[in-house]
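Hi everyone, thanks for coming. Let me put the model on the screen, and then we'll walk through it together.

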Amino acid sequence: MKIAEKARDHIRELCLKDNNIFGMNAYDHHFVSVVYYAKLLAKKYGADEEIMETAAWLHDVGSILGDYKNHHVSGADYAGKFLKELKYPENKIKQVQGAILAHRGSVKVPKKTNEQKCLADADAMSHFNELGGLFYLALVARKLDTDKAIDFVKEKLERSYKKLSPRGKGIIKPKYKAAMLMLLPRKTI
Ligand SMILES: [Fe+2]
Ligand SMILES: [Fe+2]
């Protein structure tokens, strides 16, 4: 089994556990899309596909284990231990950890390598693949009313778009524009 598949299966197991507050919604409506864009960007921009896919599966592990605030740091630590146990080469572990550490747009860790840039973009781009998942978060997890849920989704997409690199913006722009159009305040009589 490939290393990225082992990472995928491990994340799936963690998401299935009862004590994970995000549940399978995180797996189905976030991780899967981050991996999709991570692979797409790796191909397009020549990043290492194995590193990208493995890092994408593991990037939010800190968060699903309960440490949202510092999940880039705790996630990188956890990924390091997990991959070491699987005897993954040390230099590749470092690259996966570097990408996890730098993946958050809201935390200013400089993105130096191509893999770090691609993962941060894939994370932000994933939201444009997952409008349903965002509405689930707003309406079910946060229990917002419909109008507030629309604002929540719109603001989340605006923030995600701002986080993207210029090349990421170029890819996602049609979806961003379409989403903003659909989320405009509805016309009333
Ligand atoms: Fe994250
Ligand atoms: Fe994420």
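Let's start with a definition: donors are N, O and S atoms within 2.8 Å of the metal (3.2 Å for Na, K and Ca), and water is not among the atoms, so sites may look incomplete. Four donors are called tetrahedral if all angles lie between 85 and 135 degrees; four are square planar, and six octahedral, if opposite donors are over 155 degrees apart and all others between 65 and 115; anything else is irregular.

Two notes on what you see. This is a predicted model, where local features need pLDDT of at least 70 and side-chain atom pairs count only at pLDDT 80 or more, while totals for chains, interfaces and linings use all residues. Residues are numbered from 1 along each chain, chains are lettered from A and ligands numbered from 1 as written, and side-chain values use heavy atoms, without hydrogens or water.

Now, which residues hold the iron ion (ligand 2)? They are His30 (NE2), His59 (NE2), Asp60 (OD) and Asp123 (OD), at 2.1 to 2.2 Å. The angles among these 4 donor atoms run from 86 to 176 degrees, so the site counts as irregular. Along the sequence, the donor residues follow the spacing H-x28-H-D-x62-D.

Asp60 also bridges to the iron ion (ligand 1), with the two ions 3.5 Å apart.

Are Asp60 and Asp123 buried or exposed? Buried means under 20% relative accessible area, exposed over 50%, and partly exposed in between (1.4 Å probe, protein chains only). Asp60 is at 12%, so it counts as buried, and Asp123, also at 12%, is buried too.
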